[in-house]
Structure formats: C-alpha cells, structure tokens
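Hi,

Here is the structure I promised to pass on.

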Amino acid sequence: MATFPEYIAQNEERDGVRFSWNVWPSSRLEATRMVVPVAALFTPLKERPDLPPIQYEPVLCSRATCRAVLNPLCQVDYRAKLWACNFCYQRNQFPPSYAGISEVNQPAELLPQFSTIEYVVQRGPQMPLVFLYVVDTCMEDEDLQALKESLQMSLSLLPPTALVGLITFGRMVQVHELGCEGISKSYVFRGTKDLNAKQLQEMLGLTKPSATQGRGPQTAQQPLSNRFLQPVQKIDMNLTDLLGELQRDPWPVTQGKRPLRSLGVAMSIAVGLLECTFPNTGARIMTFIGGPATQGPGMVVGDELKTPIRSWHDIEKDNAKFMKKATKHYESLANRASTNGHIIDIYACALDQTGLLEMKCCANYTGGYMVMADSFNTSLFKQTFQRVFTKDVQGSFKMAFAATLEVKTSREIKVSGAIGPCVSLNAKGPCVSENEIGTGGTCQWKICGLDPSTTLALYFEVVNQHNAPIPQGGRGAIQFVTQYQHSSGQRRIRVTTTARNWADAQTQIQSIAASFDQEAAAILMARLAVYRAETEEGPDVLRWLDRQLIRLFMFHLRRSPFLQVFNNSPDESSYYRHQFNRQDLTQALIMIQPVLYAYSFNGPPEPVLLDSSSILPDRILLMDTFFQILIYHGETVAQWRKAGYQDMPEYENFKHLLQAPVDDAQELLHTRFPMPRYIDTEHGGSQARFLLSKVNPSQTHNNMYAWGQESGAPILTDDVSLQVFMDHLKKLAVSSAA
Amino acid sequence: MNVNQHTPMASPYGQPQPGYSQPGYAPLDGGYPAPYAPYNGPASAYQPGAPPQGPARGPPASGPPPVSAPQPYNQYSHSQGDMQNGPPTMTQAPPRPAASQPYNPGAMNLSGPHPSYPQHYGPPSTIQQVTNQMTGMQIASGPPTPAGPGYAPPHSSQPPVSTAYSAAPPPSYTQAIPPVSSAPTQPPPPSGPATSQQYYGGPPPSSQQPFNSSLPPTSQQQFTSSAPPPPSSQQTFPPTSYSGPVPPPSQAPAPPVSQSQQSFPPTQPPFSSAPPPVSQPAFLSGPPPPVQGSFPPRAPPPSSHQYPGPMPPQQQPPLSQPSPYHSGPPPPRAQMPPTSMPQSNHLPPGPQGPPGPPGPLQQPPPQPGMQGGYPPQQNGAFGQVRGPQPGYAGPYPGQPNYGAPAPAPAPAPPAQKRLDPDAIPSPQASDMPAVQKSRHRIDPDAIPSPIQVIEDDKAKSTEPFTTGVRGQAPPLVTTNFQVKDQGNASPRFIRCTAYNMPCTADMAKQSQVPLAAVIKPLATLPPDETPPYVVDHGEGGPIRCNRCKAYMCPYMQFIEGGRRFQCGFCSCVTEVPPHYFQHLDHTGKRVDCYDRPELSLGSYEFLATVDYCKNNKLPQPPAFVFLIDVSYNAVKSGMVSIVCQELKTLLDYLPRENPEMDSVVRVGFVTYNKVLHFYNVKSSLAQPQMLVVSDVSDMFVPLLDGFLVNVNESRLVIESLLDQIPEMFADTRETETVFGPVIQAGLEALKAADCAGKLFVFHTSLPIAEAPGKLKNREDKKLIGTDKEKSLFQPQVGFYNNLAKECVAQGCCVDLFLFPNQYVDVATLGVVPVSTGGSVYKYTYFQAQSDQERFLNDLRRDIQKPVGFDAVMRVRTSTGIRATDFYGSFFMSNTTDVELAGLDCDKAITVEFKHDDKLSEETGALMQCAMLYTSCSGQRRLRIHNMAVNCCSQLADLYRNCETDTIINFFSKYAFRGILNNPTKAVRDTLVNQCAQILACYRKNCASPSSAGQLILPECMKLLPVYLNCVLKSDVLLPGADVSLDDRAYLRQLISCMDVAETHVFFYPRLLPLMKLESGSLPVAVRDSEERLSKGGVYLLETGLHLFLWVGASAQQELLLNIFGTQSFSQIDPSMTSLPVLDNPFSQRLREIIDSFRAQRSRYMKLMVVKQEDRAELIFRHFLVEDKSASGGASYVDFLCHMHKEIRQLLS
C-alpha cells in the first residue's frame, strides 16, 4: 500500500475528494475527541478528461429512503442478477437491460476505477443555456465603453443556441426586447419599486402564453423566450448594436450626489424574469455594476456623496442603516434564484465599495461568480470575464448549471452539513445528522453554478456507538450524487462513491494519526472559521479558532482577510470569503498562506519562507496570494534595473533574471480565475505593502537588531511574529493539557 | 339734418351716437373711413349730448354707427322726429336718406321718406317713449324711426345711444331713437339683405356693399314686391320672412290697400295713438328715457333694419323697392312701427290680441301719425297690437323674402296674427310685444324672429366698430364687422351682457339681468385688424397701480404734471417711475399717449419679467406630447394609422410666432394600451427606441434625453417611428386601456423637461385596465330625470381632479380626442382637459373612411392654432363690482385667479360680476382682464384687455343696452354647470324663472302701461325667449331617448368654453336656403322650423358642430344636378360626406360656402346629406329648434306663451 500522501493524492485525482481523516474512528466518542471532525473537501466537477460519460441512466437502490446508485462497492450476485446496496443492504434486481451481466461482462459502474462515473440522462428536452446580462449604465464613459466591448465580445463566445437577454439600469431599469426590427424596444421599470414575479410577469406581458400552456412548462417556454431571451445566433447583430448604443444613464446627477442606481430592482427583475420564463433551467444572471445601489430596495447607501458608504466601523456601531434591509432584499433574491436553479454573478468594478457585503449571498447561494476590480477598463476584469467562457477540450463551457448534490452515507456515519456555494434543499433522510455544521439538516444541496474547481466542504459525524463495534474490515462509505445540467444542455449525473476504513482509536491510533490530512483539515477548519465569522461576532471566532491547534496555517489564517477585517472594507472581506469558500484545496491554501518564490543569481528559483527574512536586496520575489501576483525587486536589483543594466548585452543574464518571475507570473495569471491583481513593485515602492503585510514579521522595528542578522527587511508592525505566536501557543497547549 | 340729428343723436346715444349720426351719414356716403373718424367724435358727442355737440361729434361718430342701422332708424326717426320734435324730424329726415342710401346723408335727406317716416316714426319717437311703455318693441321701433333719420347712422352705434338716451333728455331721445330706427331702416335695405348674405358669405363691410347690390335682391326684392304691390308680394313673402313684416309695415301703411297693410296700419295706429301721448309725456318726464332706452337699443335698429332693408329700397328708387317705399313710405313706416312694436315682444295673450286689434285699429288711424300709433302698439301691442299686426304679418310677408318658401300665409296670418306678430317682426321696435291671443292661433311669423334681428344688425353694421366709446354695444356676433381699437377691448375679446350696468346692487337684483362678460383673451383677429402690440416696460416690469395692481391702461389718469397717476380702478395714486415719465398736454393727456399702446388701446401685451415666471426662471419653450391609444379598437378603426400618417406632415406646422422661423415647440410620442410605450427619437439614433412602462400604478417617465425633441433635428427618426407604430400594433389583441397613467406620463415628461406644454391624447375606450383612474361603466338610463342624474355628470372618481390640479401646476394642457364605440364616461375623462384649458373632441363610431376628414381637420387646427401656456388670468374691476364667478375650461385654486394650463384662441371664459358697492354713472364700470402666459415661443407675457361700460340708474337704460347672445352664453354655461349639483329640472326652472323675472321687471318698470295680456319684450331681449328655449331643450338639459350620457357630458363641457358666436349658432343653428346662390353673398337664412322648409328646396344647416344638407323630396332636378350630379332624388347617396366636385357655378359656390362655414368654426363640421323623409331626417329635425322637439321640448310659440304666462304671474 502506498503512503498516505500518495493515497490522498490519488483519491483527490480520481474522485475530487479529500478527507481530513482517511481512517475513521469507529465511534462517536472517539471521533469527538479528535477535535477535527471527519470531513471532506469535495469537488463535484473535478475535471476528468479521461472519464467518458455513460449514455444511460444509473441504477438505483429500490429502497425509497435510500435510492443509492449502483457502485463498485456493491456486492453483486451475477447469477441471480441481484445486487446488494452497500448503504442500506437492500437487495435489488438488475433492470432488464442488465440481463447480459456477468463477472466478465460488467457495466462500467461496477469497475473499481469508476468510483466516479458520469451518466447522461436521455430523457427530457435539451435546455438551452440562458445568459441574462444586467448592466449598470451609471459609470464613466470609458468604463461603459470597455464593458460594452467585453459584452459584445462575449456574444461571440456563446454557443449559437444559447439564449441571451439584456437588462440595463441606472435610475430606471430597462428590460430590452430583442430581435425587434426597425425599432428597439424595452420595458422600463422604476428603480424604486420592487415587483414580485407575478406583477413582473404581467407587466412584461408574459402571462398569456403561460396561461395557455398549462402543464407543459417546457414546451411553452420556448415561445416565452422570444421577446426578452433570444438565441444568440438570431439576434447577434441586433444585440451588438443595442449594446453599442447603450448610453450612460442620461438623468442628471447634481453636484455632491451619487448617480441613482437601481441595482436592487434590476436584479429583482432579472430574477423574476427568469423565474417566470425558465424555472429549473440553468441560467446565468451576469450583473455588471459600477457602484453601489443608491435607491430603491437593496440600496446600500444614499445618493448624498457626503455620506460615505458603510465601513466595518459603522457596522460594529450599528450605524449602517441600509445594510440589514438590503441584505434581506438580496437574500430573498438569492433564495428565489437558487430555488429555480439560476446563477447570479456579480462583476463589481469600482474604486469604492459597491455593496458586495449585502449582495454576497447572491453569488454565494447560487454558485455565481463574484469579481471585484477597480474598473471595467482593466485587464483584470476583461480577462476574468473572458475566462468565464473558457471551454474544455470538448468545446463545452467549463460550467454547469442547476446542480443538486446528494450525499449518501453508511449507517455509522451521517452528514452534518456543507460549507460552500450551495443552499439546502431541506431533504431529510436517514443519513442526516442532527448536529449541524454549516448548511446542515439536509442531505441534498442545490448548487446552481458549478465549475470544475468549485469545492464544497462537507462535514460528517460518526454516529456509531462505542459499544457497537464495527465488524473487522468494515468500511464506511459515502456516495456523492451530483445531478446537473451540462453546458451542452444535457442533464447529467455524476456519482462518486468512496469508502474509508474504520479504526478503533484505542488500538489503532497510530494509523488514524497517520491518515490525517493536514492540508485538508486546515482548509476545512478555515472554512468553518470563516463560516462562523460570517455568522458570528469576529472575536468569538478567533477565540474559537485559538482553541484549535493547527500550527502554521492558523497563524496566517488569523492574519488573513478571511477573519481579519482590519484594513479591509466590508466588500473586500465578502469578496475574499466568497472566493475562499468555493476554491479547491490548493487555491485555498495559497489564499491562507501565500506562496513566495525567490529569484536570484544564487541559483534557480526557489520557494522561500513567507517571512520578512526572505526579503533580501539581491532577490526578486514573486508572491502569489491568489488575489494578487506580486513581483518584488529587492533594493539592489531595483537599483540595477534603474541603471538599465538589463539593456546592456553584457548583462543579459540580468535581463533573464528580471524576466523569469514575469514569465512565471504570466503563467499563473493565465490559469487563475478570477484574474489576480498583478503588481510589479520594488523595494520601497508603495505597493510593496502588499508583500510586507503578508510575510511573517520575524523582524520588526522592535527586534531587528536583537537577532543580529543582516538579512531580511524589518516590518513596521505591532503584529506578533510567528515565533511569538508559537511560543504562546506552546504555553497554552501545556497549560490547557494540565 | 346733421345738426338736428347730431344734437339728438348725441344726446340720445351718448357721445358716440352724435358722432355717428352726423358724421356717419356724411361719411357713410363718403366712405367708412369718415365714419370712423367720427367715432371719436361721437364719443365726445355723446357725452355732451347737447345738439351742438352733436353736430361736431356727429360727423365723426355718425359715420360709423349710422352705417346700416342708423339709416333704418332714420326713417323711423323721421317719422318720430317729425312727430315729436320739429327739429328732430328734420334730423330724422336726413337720416332716412341715409337709410335709403345708408351712407349718403344727402340721399337721405332727399328721399321723401321723411314725410313718410314722420308718420310712422314720428309717432314712434313719441311712441318710443311711449312705446317703451307699450313694449320694448314698439318703443324700439318708434324711437329708432324718429331718431332714425338723423340718428340712424349713429344708432348703429346704438348702444351708446341707449345710454345716451337715458342720460339725455327727451330731445336726445327722439334723436337718438330716430337714429336707431333710421339706422335700421337704412341699413336693412341695403345691408339687410346684404347682411344676411354677408353673414353667410363674407365680412360685414363687404356685405354692406353687397347689400346694395346683392342684398337688395333678396330682401329688397321681397320688399319691393311686397311693398309696392303690397298685397301680392306680401302674400308671397309675408309668410316666409318676418322682415317682410317690417317692410310690409311700411308698405302696409302705404298699401293700406293690401290686406296685410291694412291690418298693420290698424295695429300701429292704435299704438301710435294711445302711446303717443303717453310716450311723449314719458319722454319728457322720466319715463321717456326708459322708453327711449328701449328704443334706442338695438332692437329697434334691427327691426328698423329689416324694415329699412325694405325701406331703403324704397328710398333708393333704383331698387324696385324704392318706389314702394317712396310711395308708401310714410304709410309703411307707420305700419312699420307697429310691426316693430309687436315684434318686440308683445305676444299678448291670444285673446287679448283680438281685442287689442280693435283698439289698435282705432289707433291705427292715429298711426298714420305714426307716433301715436306706435306707442300704443308697444304697450298693448302684443295683445291688441297684434291684431293689427296681422297687418304686419302682411308686412312680414314682405320679409318672407327670407323664408320665401315659408307659407305665404301673409295674408291669412296677418289677420290672425295681426296683433303683434307683425309688430314683433318689426325688429325696429325695440320692445317686441309678442302677443299671442290664442296660442294656437299664433302665427310664427308674428313673433320675434332671430333671422330678422340678425339681418337688421348686419344691415346697420356697415362701418368699422370703434371701441372708443364707453358702453357702446357692438354689432351682433352674426354680423361681420371690423373693429378699431380706441381704448376698449374689441368685442372679439370681450363681450358683455350689459353695456350699461345698474349702479346699484338693488337695481341689478331687481332686473335679474346677469352681469357678465365673455372673455376670449387670445381670440384670433381678422387679417385687417392689428394684433395686440407688445409693450416692454423694461427690467422693472409693467407699470402697475400700487394698490390694486392693475396694469397701466388708458383709464389711468396722470396728474401732477405727469409725475403720478391715479388708478381708474381703485383711485390710488402711484408715482410714475422716472423712465416712464412724460409731460402732459393741455388736456391732461400724456404727450406720448398715442405712441404707447397701453395708454391708447384696449388690448395690448406686456413683456413679463422674470418676476412673473415660475421659480423666477424664464420659461422653456413649451412641448407637445402625442399620446396614442394602440389598443385593438384604435388600430382597427384606422385611427392609429391616420394619426401617425398625419403627424408626419403636421409636425411642420407647430405653432410659432414668426412664420419665418421654425417652431421651438418640442414634441414627444407615447403609445399605450394597458401599458405605455415611450419613444426615444433622439436625432443621434439610427432608429427610434421604444420604452415600455408597464408599471402603470405609479407612473414615471422612463427617459429624459430624446423624448422631447426638435422636429427638424429628429425628423428621420420621427418619421421612422410614425411609419412603424401602425405596423407594430397591427396585430394587437389588447382591448383594455388605461387613461390616468397616460396623462400622468405626459405630465411627468413635462415636469422632467421643466416646461409647459400640451398633451394630445387619442383615446378609444373606457379605461378598465387596472391602474389609477380606472373606471367602470355607470351609464344608467334609469337615472335620467331623477335627482341622481346629476351624479352622472360628475366625475366617477376623484383621481382626475387631483391629476388636473397637478397638470395645472405644471402648465400641462390636455386635449383629448375620443373615438368611442360605447360608453367611455366623458364626464370623467373630460375632467382633466376641461380643468387645464384643453378641448375634448369626440368621434363616436369612428370610421376611417367617413370620419377621417373631420378628425384630421380638427387635429390640424388644434395643433396649429395659437395657444398660450401656463396662464393665470385675473379680472380686475373698478370699485363697486367684483368678478365673482367664472365659467370655462380652467382651474381655480382661489377665488380670483383663473389658472389655465393652456389657452387657445378658441377658448372663452365667462365672468360674472356682482355688486359690492355702488357704481357711479360718471365713471362707469371698468374691467381689466390681465392674462399672464407663456407664448408658444416660450416668452412670458401679459395680455391686457380693458373694457369700460356705462352705469345707469334707470332700468330702461339697462334694458336698452343688453346683448341677448351674451346673456344666452352666460345662461347656458350657468345652467350646464348647475346640473352638476342640481336636478336638471330644477335648473331648467331656474332659467325660466330668471328669464321671466327679467322680462317682468322690464314690463313693470320700463314698458308703458298696457293690458296685462300683452307680452312686451325689450327690444334688446326680444329673442331671449326663443334662444332660452333652445338652451332649455338642448340635449344637455332635455335629453332625447337616443342621446347618450357621453354626448350630454361632451356637450356640457364643450359649451363651457364657447364664445358668444359659437353658443349662438349652436343653440340657434343657421339654416340657409340654397335655391339660389350668388357669389359674394349668402342667401338669407330662414328660421329653424320645418315650416320654413320647402319640399322643392335644398337647405344647408350648420350648428358649429354639425353641417346638414337637407334635400327636399321634390327638389328641382336642375338643382340636384348642380349639386350632386344626378337628377334623381333617389340616387343621392345619403352617406356622402363631401359633395362631388362639379364644374358648375352652383356647385362651386355651394362648396365655397361650406368651406367658409368650416373655416369659421373652431371644429370641422362633417357634412351630412339628409334626404327628406329619410331616417336621418330625425337627426336633422332635432336642430329645427323652433319646432317641438322629439324629446318634449316646447316649440317657440308654445314657449313664448309659457313665458308670457310666467311673466303675468309675476306681474300679478
């Protein structure tokens, strides 16, 4: 047997699953003592180019409360054509189509290498993808122009059959009717009045078709789509022109005022429009905003410029008068959208805050993207947006829609909850734990938007009683059933079945300890911490976290923007947390503990400690914090560069040195979503602060001479260094043990 | 003559007259201009009243006034004059000549008429005085005649005359009177006929001339025929026209031979005899004045006119008539008076009539003496007089000319109706005694004839009307005349019910005559009159009185060498700002008086400063927003495509002040059904953008930039839009509409653009879609006639009232075009248009093919017509009276300011005045209507109209200077508003009561004692009963079974902003016989009664809203061929809406006439061809207002009897 790290990597590679413990304690009591719960990071759509989808539907356990999918862990009686469910032990007959089954003729789902398998549902019509652009027009002409171009560009990236729609807003909200000849039509709504779906339906004149269609929503939806949501191939030109003619919101903005921006209503209308035309069909609402909502439901700040948008300080003082109401508004929108399987993306490009704090749930509940940039006229936005439409080798979008994730467990273990871009479907079942962690109380979650990197944290509870030993060699199994709408329009089901050994903590503590996945556990705990930070008071979370004992990560986690709001606006915090909650393990690790590479003449590029001592004058540092890619030229290097040595043929090596981190950064930039902020700075540069704020302040103005070293750069901070932190931790650990 | 006349004239008429009479004549002959000049003189003359003055003034004044009326009077006056005053007669005599030759004084003199006049009129004068007693009619006639000769001319100006009379002593009266009568006589002949024609055809002036030529034909001919061969001619004519009567009278006298004549003479005689004595004394004493007053009043003139008409002919030998007149002049006149008398009013109860006659008859003998004869007539005229009148009838027969076709009853009627009928007809008699002995037997020809009055007035109004004279009544609205502004507003801007206001509230209350003015601030003037000048007083704004804030006007008296001025309204003294200082001349006038419109004219405009603007900001140019219903019905009826098509061209004709420049008015477009579609037509767009607002519960404007655009800049986009709208909605299945949000949308658009403007809403159906202002169908025929009926005229919901308020605040005027196929609740939908100074147009069952023309013409006119926005009107009056009530399309948030979101050139506002103190006869009563508005070029201006009227302490003066048309305008608006709060029946009763009180008061205080059975009407008001009856039986107050609630509400609102001319023709439609058409003149109208229609004829009837062509079943083939291009009656297609274009003079002329009618009215009239005995004839008959109506409305005769009964009850 391979080492645990290899096993873990293999499992992750094959199933997209990483457990905090890879051998499970066999009783509740023992599991509780282990502090870090049995939990998993699960990436439902882990990219598996080698995995061909199967063109039939899965075989399900016939027990109504189980409905688990036939998998390699099931026992099969080839002669009787029976199989036993490994979750409920129900014996099931194979369906007629499996008549030819035998030991040598096994269906794919029984082969061990297909512990993750994907079925294609053949029934039902293929649904088109729906993209609804919701565009703010209250922005500078430059920004608007850039945005328009991006949008026009995106049209060419959409599959010809995809339906697109356009809603623009400013002081008013306009729903554009597409495909009109000779005259462009739009429905206009006041930005101050929220409308429920029914009202909206009437006002958009969408009632009659639906009334006639009666029961067959799908057949009738086609005609419905005709006015506001049209196939790209049909209205490509029309929409391009329409976008081209978009004007900045014409209503005058007087001195000292913010433009009136009806974001809340615009989103509400977008949600409502899809709700009444394409319920339960994959759809993306892509919202582009250039500032905060300033009127109507969902407003986060008044239009008086003299009143700044809420800060953490205001929130703590309970001085953010619009926040609660706005949050409630967006939450209800998010819930409506997720109920119907619709994604809400938010692309917020503004120098100031735009209200992401209030709107975060829209993206978080629906699996939508949240992108924050300074302007639409930046490559950050442009490339990020372009990357939304990235395609895989088959030419399909790397996105999936309207997914539901169902978790089935062996009897000894139950699921407590999930943390990630999902909402509960409130499906009670035998495998639902009473103990809730994150979004719990259910064994099914809705994930409206999925991409290959979307990762959920799932927390389990071992419920086996101490006095009910598990039979030797028994394994705990967990099955993840993800049904989703593929970007080709197909309905697909991906089933991942995984199992881990049970171990008696008293006798096999060693193996349990060895099976601990430190990285996964760190992220799982961090998610939990962030989840708590979102829902509870900050200091409490830190205190809670402090009681957990995870070394290095914890130090950085404490300092990270996920928990630390100092120096971050509420919007930024929301943004960082959003990303943290959906990215996979690797990326999450980077977010917590940025990666630092050093380039120098002393040798090939090497990773170095995220420590102030790594900052040396003759080095070029490349830091990747996930959100930022930063290249830092040490003092000497910067001087060389300034002197222009890189342009001299005899110093070509210096040129190469300078180029190396840039190339590496480009590589990172090209794969990362969302695009990180790219920073090129040097010693003493203002933007060097990004680096300085991340590194471990092992040398500060307080102690730099105490260490007596020449290397490194002192950091002007009062933050404790890792050393101090560790010392303190040790003390605590001892004292608490006592 | 002149002298005599002058003196008399002057005194009688007041200043004006004198001038008129003397100058008038001379001028007349010479030319109109002269007359005008005289006017000024006249004014002065009037004041002096003294003979001497007269002469001086006379010349000027006489010129104009004399014109037509004067002459007729002259004739009468002559008679009177002769009778009464030696001198007067003289004067009179001259007048007559004038009469005969309206303008030529010389002619007048020459004409032997004098003698004749004397007879007739001579008595009249006395009679007049007496007559007053007798009845307005007689008096009227009487006075006129006497004064006539000399005065006649002046009389035309009469109004003043009357006033003058009151003021002036007897002599003046006589004179005055004469003028009147003379005037009438003279004018009539020439003008009379002419006038009638003119009416139809062209302007007054022309008419006069035409009269001579053309007119004569009709009236003259008749007269002539009748006159000379009284019997024969009369027979034929008599029946038809009343005018005939007049002439007849004259003829009659002479003709005594003829039956009719005989009859007349008798009547007159009686009058004359009895009255004479009375009258004279009366004159001398206080009484006379009243009488005179009555005489002088127009009534006489008119009557005289009619007569005159005939008369002139007589005088004017050239014409056929002349001879008759000459020969019989005297006699005729004698008769005339009688006739006039009777006409006036006396409709003695039938029974009395007969008896009366005898008396009269006896009197008749006296009549010869005219004077004597008249008086009696007046008094008893009605009853008895009529007896004699029959004779008149004869004369009328002469009139028949008018209604030639009318049953020639002349002969027969005469006998029966003798009494007053005839007398009545004689318009001359100011007092119209309409005596009806036995109602059943009353001859329609014997009661006052509107046609006669109209024709008489036309005949006498041959000269421009100058406004310089205080209290001078203008010609009737049916008369074409030119106006010269000399210090008072033109009657086109302001018309008053009374030009002689009672001095005290008691008097006003006693008389019950409403004191009101109908103001049409932006009235369009004919091309030959100068529009108001714009005055700029610089940065300080217009100069105003410190206390009452009245604007600088001719009534401000400069004192202290010009350093201060005293306000004519409140007497407060205000410093003259240095930049406005000017020295005074020796008369106390500013040296620059004639250089400054505000010091010398009645109407002018001030440029307003920023202080007069909303938010102290100069206004933006206004905008027009077109809101088009695109629901199923609208599209299917073709309305949408028609509107869109038309707008493409129409947008080039938006109102502008400088024809050379493009209009600055911006336009915007909205279509709607259940939701609203706004359009962005910004010039930079390649194609229009449609913005749908479906949230109608809380309306807003979805766009700012690009909604309101300049037509020229966005032409391509607009055209593209207008092309597409019909296509876009061609397949719509939406049947529900909203309405409230539509107006809100327009309002919000104007608010957003911060400008005033106008909304044109094209709407089809009851707004039942869920939205503010949603309505339900509440038409319930069962409520009609109950106390709850009033609720049907009130808006269903309060929403629109509030909306209207908002619209007014923004200066958003709403014009509503309705295309209903069923009940749409006009009462509610019309609230906003009516409150914002807008109009409602209704095209029930609109069909593109047949209604397109009417709709498009209305639309074109509505868009192009001059209009002002965001207006506030205030009427200031001199101390003693106060404007208390306002009627029209506007909104008032307090009791004094009339707020008009928009006001166009066709809208009139009726203002009622009440006393709050005493008025003085010296200063008269002043009113100043100031309207602050934004012109269509976005300029803020103040339009000022000043008006001064006389004040009187004698009721007779009041009754002599009233204008019935204006009174009817007021009554109708008063009643139509009354039904909002009172049961319809109560409103009708109120009207009848008030009318009865007015007439009873006259009878009691102004008419000479006579038998109670005699109906005596003031000359000025002799048509009050007939017109009032028309009001009472209008669809609004007395609906027929087939009249929808919407129609009633529509009419109700429509009337509320009509001016006098419109109400006149609306209530008493114009009915033209078309048997013979001549270029340049119109045929004389006939009375609105089926009796007047000849089976063999073709008639044109217009009401201002409808236009009918009635074809008699046995119309001549040639006629049909000329008109329709077919000889067969049965082949005429009754569904045609325009006549075939045929290349024959008749067809051309007829189409010209129709076109000219349409051009005169603010709304396009669709032509309906009605074939006799066709089903459509029912509709047509509805407009024959003298007949019983299908809905139960009384016939004229019946109503007159009823009125008489009421009066008698009041008197007893």
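In this predicted model, the centres of domain 1 of chain B and domain 2 of chain B, taken over C-alpha atoms, are 36 Å apart. The domains themselves are 622–865 for domain 1, 963–1068 + 1192–1211 for domain 2 and 1069–1184 for domain 3 of chain B, with bounds that come from an automatic or database domain assignment.

Domain 1 of chain B puts 22 residues into its contact with domain 2 of chain B, which puts in 20 residues (contact means heavy atoms within 4.5 Å). Together the two domains bury about 1,700 Å², with 56% of that on carbon and sulfur atoms. Buried area here is the accessible area, with a 1.4 Å probe, that two parts lose on being put together, summed over both. On the domain 1 side, B:Lys790, B:Phe793 and B:Lys842 supply 36% of the area buried against domain 2 of chain B, more than any other three residues.

There are 2 salt bridges between domain 1 and domain 2 of chain B (a side-chain nitrogen of Lys or Arg within 4 Å of a carboxyl oxygen of Asp or Glu). B:Arg1048 forms a salt bridge with B:Glu789, and their closest N and O atoms are 2.5 Å apart.

Which elements of domain 1 of chain B touch domain 2 of chain B with at least two residues each? They are α39 (826–829), α40 (831–835) and β19 (840–842) of chain B, and β19(B) gives the most, with 3 residues. Helices (H or I, at least four residues) and strands (E, at least two) are DSSP runs, numbered from the N terminus. By residue type, this side of domain 1 of chain B splits into 11 nonpolar, 4 polar and 7 charged; Ala, Val, Leu, Ile, Met, Phe, Trp, Tyr, Cys and Pro count as nonpolar, Asp, Glu, Lys and Arg as charged, and the others, Gly among them, as polar.

Now for the two chains. Chain B has 27 residues in contact with 20 residues of chain A, and about 2,000 Å² is buried between them, 53% of it from carbon and sulfur atoms. The salt bridge count between the chains is 2; one of them links A:Lys193 to B:Asp695, with the closest N and O atoms 3.1 Å apart. On the side of chain B that touches chain A, β16 (689–693) and α36 (715–728) of chain B each supply at least two residues, and β16(B) has the largest share, 5 residues.

β16(B) also runs parallel to strand β11 (residues 184–190) of chain A, joined to it by 5 bridges (strands pair if DSSP finds at least two bridges between them). In that pairing, A:Val188 stands opposite B:Val693.

Two backbone details in chain A: a cis peptide bond joins A:Phe673 and A:Pro674, with omega about -5°, and A:Asn426 has a positive phi of about 55° although it is not a glycine.

On conventions, residues are numbered from 1 along each chain as its sequence is written, and chains are lettered from A and ligands numbered from 1 in the order in which they are written. Local features need pLDDT of at least 70, side-chain atom pairs count only at pLDDT 80 or more, totals for chains, interfaces and linings use all residues, and side-chain values use heavy atoms, with hydrogens and water left out.

Cheers
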